[in-house]
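Subject: Structure for your review

Dear colleague,

Please find below the structure that I am handing over to you. My notes on helix packing, cavities and a pocket follow it.

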Amino acid sequence: MRRPRILRIITRMNIGGPATHVVVANSGLAERGWETLLLFGTVEPDEAEVDLQAIGIPMERIPTLARPIRPVADLRSAAAIARVIRHYRPDIIHTHLAKAGLLARPMALATSHAVRIHTFHGTLFGGYFGANATGAIVRAERLLGHFSDAIVALSDRQRDELIAERIAPPARIKVVPLGLDLQRFAVARDDTARTSARSLLGIPAEAFVIVAIGRLVPIKRLERLIDAFAVVAGRVPGSLLYLVGDGSEREALKARVAAAGLLDRVTFVGWSGSTPDWYAGTDVVALTSDREGTPLALIEAAAAGRPVVATDVGGVADVVADGSTGFVVPISSGDSLADRLTQLALDPELRRAMGREAPAHASRYSADRLVADLDRLYGDALAERRRP
């Protein structure tokens, strides 16, 4: 008998949590006896793609598959997905991100008897599109949820949101948190790591440093961080902010920095292949989004032993133990954001104490736990499908 097959489909492999998630999942599941194939699309011009050459898993690109709505390209993508399904004959079809889920699940229903599973890495029910578009997306997701064997949320809060939106019956909505290789960030906890990382990255040795890592896009609300940092900069001489990433908001954010007179205090790094060094070199990691699933950067920060200040959205409160490994602040309170950053700037012992607590809290997001959860989910789904 052949090994059971998983066809995993993701919209694009841009640097971030979803791409990390699917690579970790397929790599680990292959070791557990599953045969896997990853389908993925094309990143946008202002996005950075992961290093595909470094990924040792079977995968195939569908060039027309991309995040924006493009009717002709989307039809071609759906047809290409259907061809792969017919040829590969998977037992499990697991989609990730909105576009892949919207295109692939109807093709799976039409061409295969495979188990259909979709993961919401974030939600599109607010903050991304206007009211009409959001309503159409919710209706489409409800329809597709009805024909899905399981819907995966990354956190309990996200599951509650999916239930509230009636995306699928509650019994079909499962929580499977992110998982990643935590060990590669553990080096940041070494006593000499901060000094060596700062030397490598050109960060002043004695500065109080805040780092934000991720896409520079509207939903991340980095203008909120810049405004809070303007307050911190006035309170804490020598404080610096580094934005590691890129995206459509880069120029607007630069203009905001210039208007605040912070050009010598804020650095736009761009995408970096040395994120463990950035965690090692920073004092605090910040996240100021309006919406999130489970932010990969906050898990990485915890694994690196760095405290966090983040807005209370999505799965943030699951990752950050408020008052213990960092601070979770109300999304509407810029004052709270600035105050918590200032508190950490002025209290090195508090930063160290939070940093000591953080790795144990991050251990729940290990790669082994993710793979075990998915292995169990898939086995249960196949058993349910075979039940008379």
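In this predicted model, the place to begin is the contact between two helices, where Q343, L344, A345 and L346 of α13 meet P348, L350, R351 and M354 of α14. By class, six of the residues in this contact are nonpolar, one is polar and one is charged. The axes of α13 and α14 come within 5 Å and cross at roughly 100°. Angles from 65 to 115 degrees count as roughly perpendicular, so α13 is roughly perpendicular to α14.

Helix α13 also packs against α8. As a general point, two packed helices are described by the angle between their axes and the distance between the axes. For α8 (residues 222–235) and α13 (residues 334–346), the axes come within 9 Å and the crossing angle is roughly 45°. The two helices are therefore oblique to each other, and the crossing of α8 and α13 is right-handed. On the α8 side, the contact involves R224, L225, A228, V231, V232 and R235, which meet G334, L337, A338, D339, L341 and T342 of α13. The contact of α8 with α13 has seven nonpolar, two polar and three charged residues.

The contact is made by D74, S77, A78, I81, A82, I85 and R86 of α2 together with K99, L103, A104, M107, A108 and T111 of α3. These residues divide into eight nonpolar, two polar and three charged.

How many cavities of 30 Å³ or more does a search of the whole structure find? The search finds two.

The largest cavity holds about 110 Å³ of space. Its lining is formed by 13 residues, and those nearest its centre are A212, I213, G214, K220 and L222. Strands β8 (208–213) and β11 (284–287) are the elements that give two or more residues to this lining. By class, the lining of the largest cavity has seven nonpolar, three polar and three charged residues.

The second largest cavity holds about 50 Å³ of space. The residues lining it are L298, A302, R306, V308, V319, V320, T325 and A358. Six of these lining residues are nonpolar, one is polar and one is charged.

Helices α7 (193–201) and α14 (348–362) each supply at least two residues of the lining. Which element gives the largest share of the lining of this pocket? The largest share comes from α14, with six residues. By class, the lining of the second largest pocket has five nonpolar, four polar and nine charged residues.

Two residues link these findings.

Yours sincerely

Terms used:
Residues are numbered from 1 along each chain as its sequence is written. This is a predicted model: local features need pLDDT of at least 70, side-chain atom pairs count only at pLDDT 80 or more; totals for chains, interfaces and linings use all residues. Side-chain values use heavy atoms; hydrogens and water are left out. Axes are lines fitted to C-alpha atoms, for helices over the stretch in contact, and angles run from 0 to 180 degrees between N-to-C directions. Helices (H or I, at least four residues) and strands (E, at least two) are DSSP runs, numbered from the N terminus. Angles under 35 degrees count as roughly parallel, over 145 as roughly antiparallel, 65 to 115 as roughly perpendicular and the rest as oblique. A crossing is left-handed if the near helix is turned anticlockwise from the far one by less than a right angle, and right-handed if clockwise. Contact means heavy atoms within 4.5 Å. Ala, Val, Leu, Ile, Met, Phe, Trp, Tyr, Cys and Pro count as nonpolar, Asp, Glu, Lys and Arg as charged, and the others, Gly among them, as polar. On a 1 Å grid over the protein atoms alone, a cavity is a set of points where a 1.4 Å probe fits but cannot get out, and a pocket is an open set with protein on both sides within 12 Å along at least five of seven lines; lining residues have an atom within 4 Å of a point. Grid points are joined across faces, edges and corners, and a volume is the space filled by probe spheres set on the points.
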